[in-house]
Amino acid sequence: MSASELRLPNAPIVEAVLDIGCDMPPAFDLAALERPSRDRFRDQYPKLRMQFIHETKIETHPDATPQMSVRHGIQAFQFLHADEKQLVQLRTQGFSFNRLAPYTSLDDYLPEIERTWRLFVGLAKPVQIRVVQLRYVNRILLPTVAGRVQLTDYLKIGPRLPDEERLAFVGFLNQHAAVETDTGNQANIVLTTQPQENDKLPIIFDNCVASAGTAEPEDWPWILARILSLRALKNRIFGNTLTERCLNLFQ
Amino acid sequence: MNVYARGGSAISFEAQAAQKAATAVVESAERSQALFGEKAAAISQLRALANECAEQDWDGNEASAIDPLAVFMAEGFVRAMPDSLPLPEFAPEPDGSISLDWIQSRNRLFSLSVGTNHRLAYAWVDGADKGHGVARFDGERLPRRVIEGICEIMNHGNATIGSR
């Protein structure tokens with residue numbers, strides 16, 4: 001299925017993430033970038049959230065009061081749009097661009113991804129790119145009848161019960177990891193359920209594809225080629241995971 | 001699944017829900033003696049070592065306490081090891097790092113140091129030959145050169161395990 005065929009008016013995407021994993025300089029200190037990165041991202045991303053590694057240590061000794069110590073470390077700066085639907089992350093291991101629903105098309109976001117990536121490169125000065133990853137988290141509401149849903153009506157791949165008549169799904173978690181033989185791109189496909197909502201069974205379809213390989217951080221054409229290759233793969237996975245009946249839910 | 005359960009950069013509630021489901025599966029698998037027993041025992045030894053060396057000056061010679069982040073990284077290394085690779089012995093280092101050692105004999109050994117970042121310093125001795133290097137561990141897959149180095153020492157050169 002081509003990208004154009006996948007233009008769905010009510011696409012079930014709740015989050016799309018582009019990660020670019022990098023080798024950072026050996027003495028890289030993310031905390032030192034707080035101020036300059038705030039200045040660079042402020043115009044489009046006025047809100048800043050910090051993501052911490054948090055560690056609590058409790059030491060007990062006989063006949064002594066327990067001693068507690070807490071240690072923090074910054075794992076990422078998250079710069080958010082005012083409506084918090086879009087964010088850019090400066091991480092200890094690279095860069096991320098997240099787009100939450102409503103999502104339009106990757107084409108619409110690529111110029112902003114390039115712009116913010118270049119800002120990241122200027123600030124963090126990564127040594128080289130290691131991996132490009134594209135991840136789409138979808139939430140699909142499957143209609144139920146009398147509290148049951150026939151998964152095969154909606155999913156081409158997925159779990160099957162050993163006794164369809166006397167067993168009804170309460171939940172499942174399905175993961176497939178695969179390599180695209182032509183390109184070496186990797187795929188991690190997860191299907192899982194959430195608790196039923198009225199007459200709908202929510203399914204989370206996490207469609208994550210990645211391309212490992214090294215490149216210079218300034219080489220945007222290389223990055224773009226990887227993104228487009230990954231996009232084709234994730235679209236094919238999407239189209240080949242869901243049935244026509246399921247795709248019709250998004251029309 | 002293990003890698004997936006560790007999470008990523010997504011922030012939506014749905015991404016976290018899927019990660020939580022995967023975490024439950026991984027935790028369940030790690031309670032299985034058949035699936036994870038040897039690694040569980042190794043991680044238990046590692047934690048015991050960390051506990052013994054959790055104070056400054058644990059060696060009476062002003063050594064730094066084992067860094068909890070180094071313990072976390074070392075656990076991640078053990079989890080990521082291919083099952084066919086022999087498990088290491090652990091030793092504390094004076095700078096708060098942890099040494100993972102594969103010892104075939106006094107003259108055949110491979111040792112790597114796990115600290116608080118993603119860089120692994122390693123060294124090996126094979127009879128009269130020796131070498132050292134630094135490799136990057138992303139927390140998910142062991143560096144190929146480290147796997148090959150361990151195989152070379154422990155399998156007498158019959159390195160048959162590829163990197164994952």
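**Strand pairing and the A–B contact**

Me: What makes strand 3 of chain B and strand 4 of chain B a hairpin, and how many residues lie between them?
Reply: Strand 3 and strand 4 of chain B form a hairpin with four residues between them. This is a predicted model, where local features need pLDDT of at least 70, side-chain atom pairs count only at pLDDT 80 or more, and totals for chains, interfaces and linings use all residues. Residues are numbered from 1 along each chain as its sequence is written, while chains are lettered from A and ligands numbered from 1 in the order in which they are written.

Me: Why do strand 3 and strand 4 of chain B count as paired?
Reply: Strands pair if DSSP finds at least two bridges between them. Strand 3 (residues 108–114) and strand 4 (residues 119–126) of chain B have six, in the antiparallel sense, so they pair. Arg108(B) stands opposite Asp126(B) in strand 4.

Me: And what joins strand 4 of chain B to strand 5 of chain B?
Reply: Eight bridges, with the strands running antiparallel. Ala121(B) stands opposite Val134(B) in strand 5. These two strands also form a hairpin, with two residues between them, and Gly127(B) in the turn has a positive phi of about 65 degrees.

Me: How do you know which residues of chain A are in contact with chain B?
Reply: Residues are in contact if their C-beta atoms, placed from the backbone, lie within 7 Å. By that rule, 24 residues of chain A are in contact with 16 residues of chain B.

Me: Which strand of chain A gives the most to that side?
Reply: Strand 1 of chain A, with five residues; strands (E, at least two residues) are DSSP runs, numbered from the N terminus.

Technical notes
Two residues are in contact if their C-beta atoms, placed from the backbone, lie within 7 Å.
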